[in-house]
Every structure is written in structure tokens, then in C-alpha cells.
Amino acid sequence: MKILAISGSLRRDSYNTKLLRAAEELLPSNVDFVLYQGVKEVPPYDEEDDVQPAPMAVAALRNAVREADAVLFSTPEYNSSIPGQLKNAIDWVSRPVETNVLRNKPVAVVGASTGAFGAAWAQAELRKVLAALGARVL
């Protein structure tokens with residue numbers, strides 16, 4: 001089994017990336033855990049740029065999601081929601097809508113934040129977005 005982990009935080013010392021690394025330590029040794037490192041390189045979504053071949057960073061992200069058996073997202077909470085860069089990356093992988101690489105893919109959402117709500121609102125927002133794309137939110 002291959003699990004792709006995607007952190008919604010771009011910070012070098014991100015609590016969310018640390019949370020994903022902690023999750024990796026709990027997995028059996030036969031699980032292939034891949035921490036995706038390219039969210040920052042994904043360009044802003046523009047339908048006019050959504051052509052074949054896709055921009056290199058977009059193609060890499062789509063391929064990583066496609067090859068994974070499941071995706072684990074970890075999100076901080078920015079202004080009571082998910083970070084823009086994470087939403088942008090999801091917007092890219094959500095196309096084409098009917099056959100996007102997240103459709104029917106098992107996904108899980110966790111989050112860490114120093115805020116009073118501990119990323120609870122951001123996690124709910126992210127689960128909503130993923131469900132709308134057809135992902136199987138666990």
C-alpha cells in the first residue's frame with residue numbers, strides 16, 4: 001500500500017508536516033509512505049493554463065495522487081479555513097471533474113494549529129472540498 005501525505009503548510013518547521021511524519025512512524029513497515037514536497041511549486045490555477053501537457057509541477061502532483069492508494073492531508077487553519085496554496089493544489093488535481101485523480105480515492109484529513117480551534121474548521125472545510133470532488137473521505 002502506498003500513502004501519499006500532503007501538508008497544507010509551506011513553513012519549514014510546520015506542525016502539519018511534523019504531524020505527517022509522526023503518522024508515518026505509526027505505520028507498519030510494509031506501507032510505502034511518501035511525503036509530497038511540491039505544493040509550493042504548483043502555479044495558481046487558471047483554466048487557460050489547464051492544457052496538455054500540464055505544467056510540470058501540476059503533472060507531478062497529479063501523478064503522485066494517481067499512483068497512491070490513499071492520501072493523507074494535514075492542514076493548518078488560516079482565517080478559519082484551509083491555506084490558499086493547498087486549495088490551489090486541490091483545484092489543479094480536481095480537473096477534469098469527472099475523471100480527476102482524487103475521484104473514489106480514499107483520503108483522510110488531520111490538522112494542527114496553535115489557534116483556539118486547533119484546525120477543526122479547516123479540517124471540516126477540507127473534507128467538504130474533497131467530498132465535492134468525489135474523494136472517499138474517511
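**Strands and salt bridges**

Reader: Which residue in β2 stands opposite A5?
Author: This is a predicted model, in which local features need pLDDT of at least 70 and side-chain atom pairs count only at pLDDT 80 or more, while totals for chains, interfaces and linings use all residues. Residues are numbered from 1 along each chain as its sequence is written, and side-chain values use heavy atoms, leaving out hydrogens and water. Strands (E, at least two residues) and helices (H or I, at least four) are DSSP runs, numbered from the N terminus. In β2, the residue opposite A5 is L35.

Reader: How many bridges join β1 to β3?
Author: Two strands pair if DSSP finds at least two bridges between them. β1 runs parallel to β2, with 4 bridges between the two. β3 covers residues 70-75 and also runs parallel to β1. In β3, V71 is the bridge partner of L4, and the number of bridges joining β1 to β3 is 5.

Reader: How many of the 6 residues of β1 are buried?
Author: A residue is buried under 20% relative accessible area, exposed over 50%, and partly exposed in between (1.4 Å probe, protein chains only). β1 is largely enclosed by the rest of the structure, because its count of buried residues, out of 6, is 5.

Reader: Which residue forms a salt bridge with K2?
Author: A salt bridge is a side-chain nitrogen of Lys or Arg within 4 Å of a carboxyl oxygen of Asp or Glu. By this rule the model has 4 salt bridges. In one of them the closest N and O atoms are 3.5 Å apart, and the partner of K2 is E67.

Reader: R62 forms a salt bridge with D50; is R62 buried or exposed?
Author: The closest N and O atoms of D50 and R62 are 3.1 Å apart. D50 sits in the loop between β2 (32-35) and α2, and R62 in helix α2, 12 residues apart. D50 is partly exposed at 23%. R62 has 8% relative accessibility, so R62 counts as buried.

Reader: What separates E125 and K128 along helix α4?
Author: Their side chains meet in a salt bridge of 3.6 Å, N to O. They are 3 residues apart in α4 (residues 120-132), so the separation is about one helical turn.
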